[in-house]
Amino acid sequence: MKWQLPRGLTKRFIFLGLWIFLLPMTLIFTLAIFLSQQTLESQSDRQTFEAAKSLSNQTRQVFNHQIDVLETFVLDYRNDQNLQRLSERAAEHSLREPLFSELAFYDQNGEPDITDELRTNVDAITEKVFEESVWRRSSFVKSKTVENGHVSVFISVPVQEEDHAAIQGALIGKVNSSYLYHLIQSSTIGSEGRNLLVTTDGVVFTDTLGNRFRNEYLQDEAFFSLLDRGKMGSWRGDFLNESQVLGYMPVDRLPFYAITTQPKSQASAPISTLQRVLSSGWMLLFIAGIILLGISAKWIVNPVRKLTDQAMNYAEGESWHLKVLEEKDEIRTLTKAMRYMAEDLQEKERFLQRILESFPYGVISTDSDGLITSVNREGAELFNEKRQNFIGKPIEAIPSKGLSRHVRTLCQKLKPLSKISEEFSFINYEQQKLIIKVSSTPLLNENREIIGVLTTFWNHTEYRKLEQHLQRSEHLAAIGQMTAGLAHEVKNPLGTIQMAGDVIEAEIDEIRHKYQLNTPGVVMIGEASSDIQEESKRLNELVTRFLKMSRPHKGEETSINIGQLIEEVSKLVSHQMKRADIECIVHQQEENLTVVGDRNQLFQAFLNLSLNALEAMKEKENGMLSITVSRVRGSVKISFHDNGTGIPSGKIKRIFNPFFSTKQEGTGLGLAITHDLINEHKGSIEVESEVGKGSEFIVRLPLQKVR
């Protein structure tokens, strides 16, 4: 048995099993049974009292409602002074309202206005109620007990010309106990509970056992002294020869006590059930504990021993050079080995974290539910947020909606997925539009099961701009080659055509004046000569613009005040804007913003953008061109915003390409030249547009460095 019961661990285990598990378990179960009994008894008492309270409120509402109805009859009498109508309404209400077994109008002499067939043998009691009405002069409910022990309850409402005046009579109704018997059935507790309405004299007026205890006297009951003092609450003891749990409460402003009872056997049923369940549970756990102690060496001690040996092997191997000495106690040996293991794992974790932090791209990982588990420094800086603001939150916390939708879609896929790459646009905290390149791959555990998504993302904007710039450069290179040939092949013949056109036009004018010829043929020749001249000029202008694109543009560089330059451009186009009913507004958020460059070229670039906006708003009513100049970190931002026709999304990526134009008469070179001029000044130009709402061209140029 020595191999099964190691010396150190076995002693501790037996001590823990006997003195820390079984003994406290017994104390806990004993305390649980006692506290649960107290709690359930308290809940039973509170439930019984709440039922009595509900019965009291229900009874008060019924009587108050009837008093309000009868007082309404009296108010109507004050208006019409018709006692006969009042008496008839009382008789009708007596037949319609089941609460009353009898209701009538009694005149000043106490005589009822009812037929002899409806008279009962309670005249003496009714007379006392009427006499009380004479001196009370207000509505009240009264219970009367006769010598034979029978109790009757009356509602009396005085009939007066005005409040507190002498009465002209009274509406007196006798309450039907059978109706109240049915009314209080709804608030009984359980199948054996009962409700009673007891008068202040201690006589049962009605109960839920078919009026079995009606007219019974309760003065001798032990709890009645509490009722007599106007108390409310719950009580346990013998009531009507049975062991009961009882709730009691006076009915406000009425001569009743509301009493709710239930047998102790019914109230204690949950307590008995809980005691049986807890006792059975304690017995099962006690037996299980004894069995567990008997087989603990096989199930617990041996695995711990093996774990200790494995931990020592791990600690003595791999990267450790410190030898772990075996202690006399297995727990101490395991503790020392685990400490070395934890330190080694922490060092490896720090090394992996340093690799992740040094990664030049943003990295974010999520679990299978889309909750962010980690973000590296590069990723947090790209979104200008702290990493703590992302950890543990849904992927939708990432500012890029495209990236969050991309990851959420992958998290919702149940089947294995491969590496997926996409691009998304993103507006950063500086309001710059960036292109985010995203590459995602499934995050697998050691069993090759998907436990999340690993996503790498980076700013792809410069690469995209470089690609577009290379594409445009290829176009421009082709144009350069083509324009060189055009300059040689077209320029000379074009000059000859222009000279020939001049000769023809001069000869035709001379012939026309010399011979006074105005025939259609002569006029047609003159018009054809003019057409030749105009088309030759337009072709010459086109060739000249080709040559501009193929030659170095930049001239002498100077310091340029962008605000002043924009004002000059605005003044130049203001006349054309006014003719087209277009308003041009310049906003300078900061003055004296200067850049270094060729003033003429930048003037031409800004003029092209202004004229381009003018063309887009010619068909627009109330056109508006807003030019805004502002500082954004180390650059100046010039925004040209118009409310023109806008550019379709399918064409917006091609508007800076040579020969592409959205206008039928355009050459497609204006924006291409503008883009080339801005690039030569180490700047950038972007466009955002929506069809029907307008376009915004954003130019960024580096500010002049202050020496």
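**Overall look**

I started with the surface: the protein chain exposes about 40,600 Å², and carbon and sulfur atoms supply 53% of it. Areas here come from the Shrake-Rupley method with a 1.4 Å probe, and for residues only the protein chains shown count as cover.

I noted that this is a predicted model, where local features need pLDDT of at least 70, side-chain atom pairs count only at pLDDT 80 or more, and totals for chains, interfaces and linings use all residues. Residues are numbered from 1 along each chain as its sequence is written, and side-chain values use heavy atoms, with hydrogens and water left out.

Next I looked up the secondary structure and found 16 helices and 21 strands in the protein chain. These are DSSP runs numbered from the N terminus, with helices (H or I) of at least four residues and strands (E) of at least two. Of the 707 residues in the protein chain, 41% are buried. Buried means under 20% relative accessible area, exposed means over 50%, and partly exposed is in between (1.4 Å probe, protein chains only).

I also checked contacts, meaning heavy atoms within 4.5 Å. Among those in the protein chain between residues at least 6 apart in sequence, 60% join residues at least 24 apart.

**Cores**

I looked for nonpolar cores, that is, sets of buried Ala, Val, Leu, Ile, Met, Phe, Trp, Tyr and Cys residues joined through side-chain atoms within 4.5 Å. The largest one has 38 residues, and those with the most contacts inside it are Ile-562, Phe-606, Val-636, Ile-638, Phe-697 and Leu-701. Elements giving two or more residues to this core include helix H14 (562-579), helix H15 (599-616), strand E19 (635-642) and strand E21 (694-702). H15 gives the most to this core, with 7 residues. Another core, of 33 residues, lies apart from it, and Leu-55, Ala-90, Phe-100 and Leu-254 are among its members.

I then picked Val-636 and listed its neighbours. Leaving out residues up to four places away in sequence, Val-636 touches Ile-562, Leu-593, Val-595, Val-629, Ser-630, Val-699, Arg-700, Leu-701 and Leu-703.

H16 got its own check. Helix H16 (670-680) is on the list of elements giving two or more residues to the 38-residue core. H16 is mostly covered, with 8 of its 11 residues buried. Those buried in H16 are Leu-671, Ala-672, Ile-673, Thr-674, His-675, Asp-676, Leu-677 and Ile-678. Just after H16, I saw that Lys-682 takes a positive phi of about 60 degrees.

**Thr-260**

Where does Thr-260 sit? I found Thr-260 in strand E9 (residues 256-263). Thr-260 is buried, because its relative accessible area is 0%. Its side chain is joined to that of Asn-195 by a polar contact of 3.1 Å. For a polar contact I need a pair of N or O atoms within 3.5 Å; within protein, one must be able to donate a hydrogen and the other to accept it, and residues adjacent in sequence count only if both atoms are side-chain atoms. Beyond four places away in sequence, Thr-260 touches residues including Thr-48, Leu-55, Ile-189 and Val-245.

**Helix H1**

Asp-68 is in helix H1 (residues 7-80) and is partly exposed at a relative accessible area of 45%. Asp-68 and Ser-139 are 71 residues apart in sequence, yet 9.5 Å apart in space, C-alpha to C-alpha.

Phe-34 is in helix H1 too, and is partly exposed, with a relative accessible area of 47%.

**Salt bridges**

The structure holds 10 salt bridges, each a side-chain nitrogen of Lys or Arg within 4 Å of a carboxyl oxygen of Asp or Glu.

- The side chains of Asp-76 and Arg-89 pair at 2.5 Å, N to O. Asp-76 lies in helix H1 and Arg-89 in helix H2 (residues 83-96), so this pair ties together parts that are 13 residues apart in sequence.
- Asp-80 pairs with Arg-85, with the closest N and O atoms 3.4 Å apart. Asp-80 is partly exposed at 36%, and Arg-85 is partly exposed at 37%.
- Arg-599 and Glu-568 meet at 2.6 Å, N to O. This pair links distant parts of the chain, with Arg-599 in helix H15 and Glu-568 in helix H14, 31 residues apart.
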